[in-house]
Structures are given as structure tokens and as C-alpha cells.
Amino acid sequence: MDLMNSVASTATAVQSLQFQQNYAISVTKKVMDTQELAGQELLRMLPQQPAQPAVGLSRHLDVYG
């Protein structure tokens, strides 16, 4: 009877650990999704880049002149 209790206890412990692992993975995935959405929102909030200057014009500002 001791062996049966040991097997049942081990099976219960394994099932509990699997549940904890699945729960942790689900929470991690949710956090990753939330962070991805936050990053997309931050990128959307950035100002638009100015148009490229015409060919031959400098893209730099002469601050020494």
C-alpha cells in the first residue's frame, strides 16, 4: 500500500508542476504580447521623418560658417 501512495503522490506532484509551468508560460506570453503592443504604440507616436533632400543638397547643417 505504501508503494501505491508513493506513486499517487508522485503523479500528483508531477501534475501540479506541469500546471505551474503552463501557468508561468501563459503569463510570460501575455507579458510579451503586452510589451509588443506597447512598442508598436511608441513607434506610432514617433514623429514622421522629414522628406529626403533633393539630390545634390547637403543633409548637414553648417554650424561653423
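User: Is Val31 buried or exposed, or something in between?

Analyst: Start with the scale: buried is under 20% relative accessible area, exposed is over 50%, and partly exposed is in between, with a 1.4 Å probe and protein chains only. Val31 has 46% relative accessibility, so it counts as partly exposed. Bear in mind that this is a predicted model, where local features need pLDDT of at least 70, side-chain atom pairs count only at pLDDT 80 or more, and totals for chains, interfaces and linings use all residues. Residues are numbered from 1 along each chain as its sequence is written, and side-chain values use heavy atoms, leaving out hydrogens and water.

User: Where does Val31 lie?

Analyst: Helices are DSSP runs of H or I with at least four residues, strands are runs of E with at least two, and both are numbered from the N terminus. Val31 sits in helix H1, residues 2-45. The protein has 1 helix and 0 strands, and buried residues make up 0% of its 65 residues.

User: Which residues form the nonpolar patch on the surface?

Analyst: A patch takes residues with over 30% relative accessible area and no salt bridge, joining like charges within 9 Å and nonpolar side chains (Val, Leu, Ile, Met, Phe, Trp, Tyr) within 5 Å. Here Phe19, Tyr23, Val27 and Val31 make one, with about 430 Å² of accessible area together. Areas come from the Shrake-Rupley method with a 1.4 Å probe, and for residues only the protein chains shown count as cover.

User: Why is the pair of Phe19 and Tyr23 stacked?

Analyst: Rings of Phe, Tyr and Trp (its six-membered ring) pair if their centres lie within 6.5 Å; planes under 30 degrees apart are stacked, over 60 edge-to-face, and the rest tilted. The whole structure gives 1 aromatic pair. The Phe19 and Tyr23 ring centres are 6.4 Å apart with planes at 25 degrees, so they count as stacked.

User: Which side chains meet in a salt bridge?

Analyst: The rule wants a side-chain nitrogen of Lys or Arg within 4 Å of a carboxyl oxygen of Asp or Glu. Arg44 and Glu41 meet that way, at 2.5 Å, N to O.
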